[in-house]
Amino acid sequence: MIKRLLLLFLLVITGLATCFSQNGEIKFDEFDLDNGLHVILQQDQTTPNIVISVMYHVGSKNENPEMTGFAHFFEHLMFEGTANIPRHEYDKYVSRAGGELNANTSVDRTYYFELLPSNQLALGLWLESERMLHARVDSIGIKTQKDVVIQEKKQSYDNRPYGQILPESMKHAFTKHPYRWITIGNEEHIRNAKDEDFVNFYKEFYVPNNAVLTICGDFKTEEARKLVKDYFAEIPKGTMKIYRPHIIEPEKTAEVRDTVFDNIQLPAIIEAYHIPAMGTHDFYAVDMLATLLTDGKSSRMYKSMVDEKQLALQMMAFPMPYEDPGLTLTFGIPNVGVELPKLEKAMEEQIAMVRDSLITEREFQKLRNKMENDLVSSNATIERRAENLATAYTYFKDTKKINQELDKYLSVTREDIQNVAKKYFVPKNRVVLYYLPKAKN
């Protein structure tokens with residue numbers, strides 16, 4: 001028994017050695033096909049599985065303001081089938097092979113992936129090449145998915161308690177930038193869009209020169225390269241000009257304040273602060289500041305406002321990792337009998353403490369340890385690693401950034417955290433929403 005456990009341990013260590021270099025960096029290969037498709041290969045032989053993923057550089061910010069929700073719509077439509085895959089059969093190929101598949105859309109990109117046994121690499125590549133070249137963008141699928149997306153909007157946003165927090169925050173915070181609408185889009189835009197509108201969107205964005213193909217897991221490099229070329233090399237490069245908005249949101253000079261009524265029982269307060277884009281030095285400092293304030297029961301806001309003063313039932317702060325400058329949302333639900341102005345005052349006091357003085361060395365070291373642990377965890381599985389590799393290339397055209405994240409966080413100083421609190425977490429740079437229950441009839 002001991003010998004078998006030792007052998008298993010050695011096999012795992014050997015597999016990890018092929019995945020990470022001696023200094024802990026993730027090892028990968030990458031190349032481009034002539035049609036512009038960027039390919040990333042990352043071997044990990046610790047388990048007999050593979051992830052095949054395609055990230056398209058299209059999100060809700062690439063949409064026409066009068067036709068929103070298209071990127072998210074295609075997240076659904078691309079499962080309808082292809083010219084060679086019968087309608088509603090796409091996912092069955094994966095499930096029959098013992099795998100899983102899914103997709104997600106953000107404001108900046110759309111991501112599709114399959115997790116399969118390692119002997120099913122060809123299947124995964126065929127499936128993704130099919131939807132890149134032959135997706136069914138026809139009247140039957142479009143009508144079906146219109147109903148699906150509209151129903152999802154009702155369930156996830158319109159009829160869900162606190163479901164309007166993100167839409168309301170974004171539309172109050174942004175006046176020019178397309179981040180002002182969320183990925184689900186406008187129901188009427190989807191309902192009224194014509195079939196050719198969707199066909200044109202597909203032809204513009206779902207092309208090899210706007211995509212990153214990532215293979216992560218247990219595979220042979222030469223076989224993977226050959227299969228990638230077999231399935232993707234003949235897909236034509238997109239010929240339409242890909243829309244990349246270069247809209248800069250005007251600098252904020254005054255606080256935006258409003259009241260929103262919804263079908264909720266407990267009120268809430270939302271403070272949305274404008275922050276810099278993902279990948280900038282200040283973004284890493286903002287992320288650490290948000291962690292300091294609300295991440296865990298020992299965080300400043302939670303400890304003070306939930307445990308000690310019992311002003312709040314819940315406190316959260318999370319920066320949105322967007323390709324362009326975005327927001328940090330700070331969210332609080334007051335305790336019974338606590339008025340929102342009192343909770344807002346306590347939130348501001350906690351942020352003012354960071355603006356006015358450096359955090360302690362003990363807090364700073366705890367933050368650094370937390371960031372290091374989170375980064376290691378974020379790359380621990382082939383599923384997460386495949387997405388992180390694709391994101392690094394899609395946003396920055398530099399896959400090596402996946403190995404620079406820890407250094408970026410560790411380069412943040414206590415002074416940097418104080419400086420971003422002074423620069424971004426100030427009243428003139430925020431939206432404040434009082435989120436209140438609708439009056440009962």
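Okay, let's start with helix α4, residues 121–134: it lies across β3 (49–56), β5 (110–117) and β6 (211–217), at about 155 degrees to β5. Helices here are DSSP runs of H or I, at least four residues, and strands are runs of E, at least two, numbered from the N terminus. Angles run from 0 to 180 degrees between N-to-C directions, with axes fitted to C-alpha atoms, for helices over the stretch in contact.

Quick caveat: this is a predicted model, where local features need pLDDT of at least 70 and side-chain atom pairs count only at pLDDT 80 or more, while totals for chains, interfaces and linings use all residues. Residues are numbered from 1 along each chain as its sequence is written, and side-chain values use heavy atoms, leaving out hydrogens and water.

So what order do the six strands of the open sheet have? It's β1-β2-β6-β3-β5-β4, with mixed pairing; pairing takes at least two DSSP bridges between two strands. At the edges sit β1 (29–32) and β4 (100–105), each pairing on one side only. From one strand to the next, the twist averages 15 degrees. β1 and β2 (residues 38–43) run antiparallel, joined by four bridges; D29, for one, has L41 in β2 as its bridge partner.

Another helix, α9 (residues 221–232), lies across β1, β2 and β6, at about 155 degrees to β2.

Last stop: α12 (residues 340–356) and α16 (residues 414–423), whose axes come within 7 Å and cross at roughly 125 degrees. That's why α12 counts as oblique to α16: under 35 degrees is roughly parallel, over 145 roughly antiparallel, 65 to 115 roughly perpendicular, and the rest oblique.

How values were computed: Contact means heavy atoms within 4.5 Å.
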